[in-house]
Amino acid sequence: MYKVKVYVTLRESVLDPQGSAVKSALHSMDYKEVQDVRIGKYMELTIEKSDRDLDVAVREMCEKLLANTVIEDFSYEVQEVVTK
Amino acid sequence: MKFAVIVFPGSNCDIDMYHAIKDELGEEVEYVWHDETDLSQFDGILLPGGFSYGDYLRSGAIARFSNVMQEVVKAAEAGKPVLGVCNGFQILLEAGLLPGAMKRNENLKFMCRPVNLKVVNNQTAFTSAYEKDEVISIPIAHGEGNYYCDEQTLQTLKENNQIVFTYETNPNGSLVDIAGITNERGNVLGMMPHPERAVDELLGSADGLKLFQSIVKNWRESHVTTA
């Protein structure tokens, strides 16, 4: 089994209205050193071992569904989980 | 002319759309559930607003993989008129039938009120009953209507006159005030404002009716039967 952690964020070139609002809130809390906030999504997939190439499969899942690549970037980490 | 109103779990403007077609426009219309696999009997496809699949992941992201969407793609390829309103527009974007994507409204608020739109292209199958640059009042009701696309796509939209409606006063931060766009061929229209909620003066405006009348008129003209 694998645990795959997927991170989806708005692309650098795309203004993030939620992130801007959170940044202003942090500034009003006097954390003026915060330069930028980007809000994204975090997903955990538990995937069984199969004949399919895991990297190819996860990449496809991200491109087709988990992220909208018009406005979002994605990254992921794979962890192998040892089952009893 | 026979219309299909596609119903997803979470659609909530399907009844308004049905009413607009049946009672105000006077054409045939049926509800079509999202797992349907044949739309061949319909002449026009309507994707209503709402919150399909609870807007989980992203608006329209999951609806785009429902059975009926493959049929909607086929209908679009066959040149049938396909109209997506609000969540319907978001689904068309996710399905790749229209370019670009939606972000949260710039002010992060759900906005629900009538807005003035300009008909910047009246040479489409959806807008031919309007005057060029006519200003019409149509309600919006969305939290994610902040249209975005990259520079190159925007250039293409402009060059092909695919921008059909723009906001007179931008409510949501949409790129170049975009409220509605078509595909390159002009038979798929997506718009955030709700023309089906503006089909009778009792509703505050009847300006949306001409959009549906345009669809029917253009369909009749291309399906002429000898009288």
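**Reading a predicted two-chain model**

Mentor: Let us begin with one residue of this predicted model: Q90(B) is buried, as 30 other C-beta atoms lie within 10 Å, and the cut-off for calling a residue buried is 20 or more.

Trainee: In which helix is the place of Q90(B), and which residues is Q90(B) in contact with, leaving aside its neighbours within four places in sequence?

Mentor: The place of Q90(B) is in helix α3 of chain B, which covers residues 87-94. Once the neighbours within four places in sequence are left aside, the contacts of Q90(B) are S59(B), G60(B), M102(B) and E144(B).

Trainee: How far apart in space are Q90(B) and H223(B), C-alpha to C-alpha?

Mentor: Along the sequence, Q90(B) and H223(B) are 133 residues apart. In space, taken from C-alpha to C-alpha, the distance between Q90(B) and H223(B) is 30 Å.

Trainee: What confidence does the predictor give to chain B, and what ipTM does it give the complex?

Mentor: For chain B the mean pLDDT is 96, and 99% of its residues reach 70 or more. For the complex, the predictor gives a pTM of 0.93 and an ipTM of 0.85.

Trainee: Does the radius of gyration of chain B agree or disagree with that of a compact globule?

Mentor: Chain B has five helices and 11 strands, and its C-alpha trace spans about 50 × 40 × 40 Å along its principal axes. A compact globule with 227 residues would have a radius of gyration near 17 Å, and since chain B has 16 Å, the two agree.

Trainee: Why do the buried residues of helix α1(B) line one face?

Mentor: The buried residues in α1(B) are D14(B), M17(B), A20(B), I21(B) and L25(B). Seen down the axis of α1(B), these buried residues line one face of the helix because they fall within an arc of 130°.

Trainee: Which elements of chain B do the buried residues of α1(B) pack against, and what span do its end C-alpha atoms have?

Mentor: The buried residues of α1(B) pack against the strands β1 (2-7), β2 (28-33) and β3, and also against helix α5 (209-222), of chain B. With 12 residues (14-25) at 1.5 Å a residue, helix α1 of chain B should span 16 Å, which agrees with the distance between its end C-alpha atoms, 15 Å.

Trainee: Which residues of chain B have a positive phi?

Mentor: Most residues other than glycine have a negative phi. Among those of chain B with a positive value is G26(B), which follows α1(B) and has a phi near 80°. Two others are not glycine: L57(B), in the loop between β3 (44-47) and α2 (67-77) of chain B, has a phi near 70°, and in the loop between β9 (163-167) and β10 (178-182) of chain B there is one with a phi of about 60°, D177(B).

Trainee: In chain A, which residues of helix α2(A) are buried?

Mentor: The face of α2(A) turned away from its buried side carries the exposed residues V56(A) and E63(A), while what covers the buried residues includes β1 (2-10), β2 (40-47) and β3 (72-80) of chain A. The buried residues themselves are V58(A), C62(A) and L66(A). They lie on the same side of α2(A) because they cover an arc of only 50° around the axis.

Trainee: How many residues of chain B are in contact with chain A?

Mentor: On the side of chain B that touches chain A, there are five nonpolar, one polar and five charged residues. These contacts are with eight residues of chain A, and the number of residues on the side of chain B is 11.

Conventions: Residues numbered from 1 in each chain as written. Chains lettered and ligands numbered in written order. Predicted model: local features only at pLDDT ≥ 70, side-chain atom pairs only at ≥ 80, totals over all residues. Buried ≥ 20, exposed ≤ 12 C-beta atoms within 10 Å, placed from the backbone. Helix = DSSP H or I, 4+ residues; strand = E, 2+ residues; numbered from the N terminus. Arc of directions from axis to C-beta. Contact = placed C-beta atoms within 7 Å. pLDDT = per-residue confidence, 0-100. Rg over C-alpha atoms; globule rule 2.2 N^0.38 Å. Nonpolar A, V, L, I, M, F, W, Y, C, P; charged D, E, K, R; others polar. Expected span 1.5 Å × (residues − 1).
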